[in-house]
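Please open the structure in your viewer and keep the sequence at hand.

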Amino acid sequence: MNTDPLKLSPRSETIVPIASTRPEGTALVVHSQILQGENVRLGNVVNTVKQGKILAIAINTLEEHITIPLLNIEEIEFEEFRETSTLIAINTDEITEDTHRISRIREAILYRELNAEESNSLWKVISEYPDIFQLEIHSLLPMQYSTKST
């Protein structure tokens, strides 16, 4: 692999190699981070080690060329990507089907003072996320809060 320093053009995003001794085919996550003071930022990337390197995006924030040394994975923030460690859990016992919810929300909302654009935006949000709207005011519990006494 070429070991020459990397030259980044002014105010640019450049694909840069990052040397790695990790086994071929290992998936790595490079976290967004700043290099060389505030001048260069690496973007978040998930990539696989091929031929002893991974590729990432380096962003030069200056109005001038910057030269940086070849990057090594051990010198930056990263972790091995393990897809199996990411879990999404849904409790299906709590999901109830309410086919009339959107129409009940529409009936409950006073929209006389909305113009057409506002009304359309509101219905789009209601249709997409009907479960975030509370229908029964009496079932909202009061919040506990504290006050400072002097």
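Begin by selecting strand S7, residues 53-60 of this predicted model. Its covered face consists of Ile54, Ala56, Ala58 and Asn60, while Lys53, Leu55, Ile57 and Ile59 make up the uncovered face. In a regular strand, the side chains alternate between the two faces of the sheet.

Now select strand S5, residues 40-42. S5 is also antiparallel to S7, and three bridges join the two. Here Val40 has Asn60 of S7 as its bridge partner.

Ile15 lies in strand S2, whereas Leu55 and Ile57 belong to the uncovered face of S7. Is Ile15 buried or exposed? Ile15 is exposed because its relative accessible area is 59%, and the cut-off for exposed is over 50%.

Finally, visit two loops. In the loop between strand S1 (6-8) and S2, select Arg11. Although Arg11 is not a glycine, its phi is positive, at about 45 degrees. Arg11 counts as exposed, with 55% relative accessibility. In the loop between strand S6 (45-48) and S7, select Gln51. Gln51 is likewise not a glycine and has a positive phi, of about 55 degrees. With a relative accessibility of 66%, Gln51 counts as exposed.

Conventions
Residues numbered from 1 in each chain as written. Predicted model: local features only at pLDDT ≥ 70, side-chain atom pairs only at ≥ 80, totals over all residues. Heavy atoms only, no water. Buried < 20%, exposed > 50% of the residue type's maximum accessible area, 1.4 Å probe, protein only. Helix = DSSP H or I, 4+ residues; strand = E, 2+ residues; numbered from the N terminus. Pairing = 2+ DSSP bridges.
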